[in-house]
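I opened this entry to keep track of what I looked up, in the order I looked it up. The model comes first, then my notes.

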Amino acid sequence: MGKIVAVCTSERKGMRKKNVGEGILKVNFGLEGDAHGGDWHRMVSLLAMESIKTMQDKGLNVGPGDFAENLTTEGLELHTLPIGTKLKIGAKSIGEVTQIGKECHTKCAIFYQAGDCVMPKEGIFIRLLEGGAVRVGDTIEVIE
(Lines give C-alpha, C1' and ligand atoms only; values in the text may rest on other atoms or scores of the structure.)
Protein backbone atom coordinates (compact mmCIF):
# COMPACT_ATOMS: atom_id res chain seq x y z
CA MET A 1 0.00 0.00 0.00
CA GLY A 2 1.15 3.48 -0.79
CA LYS A 3 0.01 7.01 -0.16
CA ILE A 4 -0.76 10.15 -2.14
CA VAL A 5 1.86 12.85 -1.53
CA ALA A 6 0.56 15.43 -4.04
CA VAL A 7 -2.60 16.14 -6.07
CA CYS A 8 -1.58 18.33 -9.02
CA THR A 9 -3.37 20.29 -11.73
CA SER A 10 -2.50 22.77 -14.44
CA GLU A 11 -4.63 25.27 -16.33
CA ARG A 12 -2.97 24.50 -19.66
CA LYS A 13 -1.21 21.58 -21.30
CA GLY A 14 2.56 21.81 -21.62
CA MET A 15 3.19 23.32 -18.21
CA ARG A 16 4.23 21.98 -14.84
CA LYS A 17 1.40 21.18 -12.48
CA LYS A 18 0.84 22.70 -9.04
CA ASN A 19 0.07 20.67 -5.92
CA VAL A 20 -3.45 21.77 -4.95
CA GLY A 21 -3.66 19.27 -2.07
CA GLU A 22 -7.01 17.75 -3.00
CA GLY A 23 -9.40 17.26 -5.86
CA ILE A 24 -12.24 15.30 -7.36
CA LEU A 25 -11.60 12.32 -9.64
CA LYS A 26 -14.41 12.13 -12.19
CA VAL A 27 -15.35 9.11 -14.32
CA ASN A 28 -15.10 9.89 -18.05
CA PHE A 29 -12.86 12.89 -17.33
CA GLY A 30 -10.04 12.58 -14.78
CA LEU A 31 -8.96 15.15 -12.19
CA GLU A 32 -11.46 18.01 -12.10
CA GLY A 33 -9.88 21.32 -13.12
CA ASP A 34 -6.92 19.79 -14.95
CA ALA A 35 -6.12 20.68 -18.56
CA HIS A 36 -5.32 17.04 -19.41
CA GLY A 37 -8.76 15.77 -18.37
CA GLY A 38 -11.00 14.14 -20.91
CA ASP A 39 -12.68 10.89 -21.89
CA TRP A 40 -9.64 8.92 -23.01
CA HIS A 41 -7.29 6.22 -21.72
CA ARG A 42 -4.92 8.74 -20.08
CA MET A 43 -7.41 10.49 -17.77
CA VAL A 44 -5.07 10.64 -14.79
CA SER A 45 -1.27 10.46 -14.70
CA LEU A 46 0.71 9.12 -11.75
CA LEU A 47 4.39 9.25 -10.86
CA ALA A 48 6.11 7.85 -7.78
CA MET A 49 8.08 10.12 -5.45
CA GLU A 50 10.80 7.47 -5.69
CA SER A 51 11.10 8.29 -9.42
CA ILE A 52 11.27 12.01 -8.69
CA LYS A 53 14.00 11.29 -6.12
CA THR A 54 16.06 9.70 -8.93
CA MET A 55 16.04 13.06 -10.74
CA GLN A 56 16.77 14.95 -7.52
CA ASP A 57 19.80 12.70 -7.02
CA LYS A 58 21.04 13.89 -10.44
CA GLY A 59 21.08 17.43 -9.04
CA LEU A 60 17.75 18.72 -10.32
CA ASN A 61 15.56 20.91 -8.16
CA VAL A 62 12.28 19.13 -8.98
CA GLY A 63 9.32 17.93 -6.99
CA PRO A 64 5.71 16.79 -7.27
CA GLY A 65 3.92 18.20 -10.32
CA ASP A 66 7.11 19.14 -12.16
CA PHE A 67 6.69 16.13 -14.47
CA ALA A 68 3.05 17.09 -15.20
CA GLU A 69 1.70 14.17 -13.17
CA ASN A 70 -1.70 14.49 -11.49
CA LEU A 71 -1.00 12.22 -8.54
CA THR A 72 2.38 11.82 -6.91
CA THR A 73 2.57 8.64 -4.86
CA GLU A 74 4.94 7.03 -2.40
CA GLY A 75 5.37 3.38 -1.50
CA LEU A 76 4.23 1.71 -4.76
CA GLU A 77 6.52 0.81 -7.64
CA LEU A 78 4.07 2.16 -10.21
CA HIS A 79 5.98 1.42 -13.41
CA THR A 80 6.05 -2.32 -12.62
CA LEU A 81 2.26 -2.63 -12.48
CA PRO A 82 0.81 -4.46 -15.47
CA ILE A 83 -1.76 -2.80 -17.72
CA GLY A 84 -5.19 -3.69 -16.37
CA THR A 85 -4.11 -3.43 -12.71
CA LYS A 86 -6.83 -1.83 -10.59
CA LEU A 87 -5.94 0.78 -7.98
CA LYS A 88 -8.08 2.03 -5.11
CA ILE A 89 -7.36 5.70 -4.53
CA GLY A 90 -8.62 7.30 -1.33
CA ALA A 91 -11.93 6.15 0.11
CA LYS A 92 -13.74 5.13 -3.06
CA SER A 93 -12.05 5.98 -6.37
CA ILE A 94 -10.94 3.09 -8.55
CA GLY A 95 -8.63 3.43 -11.53
CA GLU A 96 -7.34 0.93 -14.07
CA VAL A 97 -3.80 1.14 -15.44
CA THR A 98 -4.01 1.78 -19.19
CA GLN A 99 -0.46 2.81 -20.11
CA ILE A 100 3.06 2.62 -18.69
CA GLY A 101 5.27 5.51 -19.77
CA LYS A 102 4.71 7.67 -22.82
CA GLU A 103 6.45 8.87 -25.90
CA CYS A 104 7.75 12.42 -25.60
CA HIS A 105 7.49 14.07 -29.00
CA THR A 106 9.43 17.10 -27.82
CA LYS A 107 12.13 17.10 -25.19
CA CYS A 108 11.16 19.03 -22.06
CA ALA A 109 13.34 21.40 -20.05
CA ILE A 110 14.04 18.62 -17.55
CA PHE A 111 15.47 16.40 -20.29
CA TYR A 112 17.80 19.19 -21.41
CA GLN A 113 18.95 19.87 -17.85
CA ALA A 114 19.58 16.24 -16.88
CA GLY A 115 19.87 14.41 -20.18
CA ASP A 116 17.04 12.18 -19.01
CA CYS A 117 13.46 12.29 -17.71
CA VAL A 118 11.57 9.73 -15.64
CA MET A 119 7.99 10.38 -16.75
CA PRO A 120 8.32 8.72 -20.18
CA LYS A 121 9.61 5.51 -18.56
CA GLU A 122 8.13 5.41 -15.07
CA GLY A 123 4.93 7.45 -15.17
CA ILE A 124 1.66 5.56 -15.53
CA PHE A 125 -1.80 6.47 -16.75
CA ILE A 126 -5.19 5.30 -15.58
CA ARG A 127 -8.80 5.58 -16.58
CA LEU A 128 -11.33 5.98 -13.80
CA LEU A 129 -13.86 3.24 -13.10
CA GLU A 130 -15.23 5.00 -10.00
CA GLY A 131 -14.72 8.60 -8.97
CA GLY A 132 -14.47 10.44 -5.69
CA ALA A 133 -12.41 12.81 -3.60
CA VAL A 134 -8.63 12.49 -3.41
CA ARG A 135 -6.31 14.37 -1.07
CA VAL A 136 -2.74 14.35 0.13
CA GLY A 137 -2.33 11.60 2.73
CA ASP A 138 -4.92 9.27 1.16
CA THR A 139 -3.95 5.67 0.54
CA ILE A 140 -3.45 4.10 -2.86
CA GLU A 141 -3.42 0.33 -3.18
CA VAL A 142 -3.56 -2.45 -5.72
CA ILE A 143 -6.87 -4.31 -5.58
CA GLU A 144 -7.92 -7.63 -7.09
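Which residue is the bridge partner of E22 in β10? I found R135 there. Before going on, I note that this is a predicted model, in which local features need pLDDT of at least 70, side-chain atom pairs count only at pLDDT 80 or more, and totals for chains, interfaces and linings use all residues. Residues are numbered from 1 along each chain as its sequence is written, and side-chain values use heavy atoms, with hydrogens and water left out.

**Entry: elements.** I counted three helices and eleven strands in the chain. Helices (H or I, at least four residues) and strands (E, at least two) are DSSP runs, numbered from the N terminus. Read from the N terminus, the order is β-β-β-β-β-α-β-β-β-α-α-β-β-β.

**Entry: the sheet around E22.** Strand β3 (residues 22-26) and β10 run antiparallel and are joined by four bridges. Two strands pair if DSSP finds at least two bridges between them. I then traced an open sheet of three strands, β4-β3-β10, with antiparallel pairing. Its edge strands, β4 (30-31) and β10 (132-135), each pair on one side only.

**Entry: cores.** Buried here means under 20% relative accessible area, exposed over 50%, and partly exposed in between (1.4 Å probe, protein chains only). By that rule 44% of the 144 residues of the chain count as buried. A nonpolar core is a set of buried Ala, Val, Leu, Ile, Met, Phe, Trp, Tyr and Cys residues joined through side-chain atoms within 4.5 Å. The largest one has 20 residues, and V44, L46, L71, L87, I89, I126 and V134 touch the most other members. I noted that β1 (2-9), β5 (44-48), β7 (86-89) and β9 (124-130) each supply at least two residues of this core. Apart from it lies another core of ten residues, including M55, L60, V118 and M119.

I looked up V134 next. Leaving aside neighbours within four places in sequence, V134 is in contact (heavy atoms within 4.5 Å) with I4, V7, G21, E22, G23, L25, L31, L71 and I89.

**Entry: β7.** Which residues form the covered face of β7, and which the uncovered one? L87 and I89 are on the covered face, K86 and K88 on the uncovered one. With strand β8 (residues 93-100) β7 pairs in the antiparallel sense over four bridges, and I89 stands opposite S93. With strand β11 (residues 139-143) β7 also runs antiparallel, joined by four bridges, and L87 stands opposite V142.

**Entry: G90.** G90 sits in the loop between β7 and β8. This hairpin has three residues between the strands, and G90 takes a positive phi near 65 degrees. Is G90 buried or exposed? G90 counts as buried, because its relative accessibility is 10%. T139 is 49 residues from G90 in sequence, yet the two are 5.3 Å apart in space, C-alpha to C-alpha.

**Entry: helix α1.** The buried residues of α1 (residues 49-56) are M49, S51, I52 and M55. They lie on the same side of α1, because they cover an arc of only 155 degrees around the axis. The arc is that of the directions from the helix axis to the C-beta atoms.
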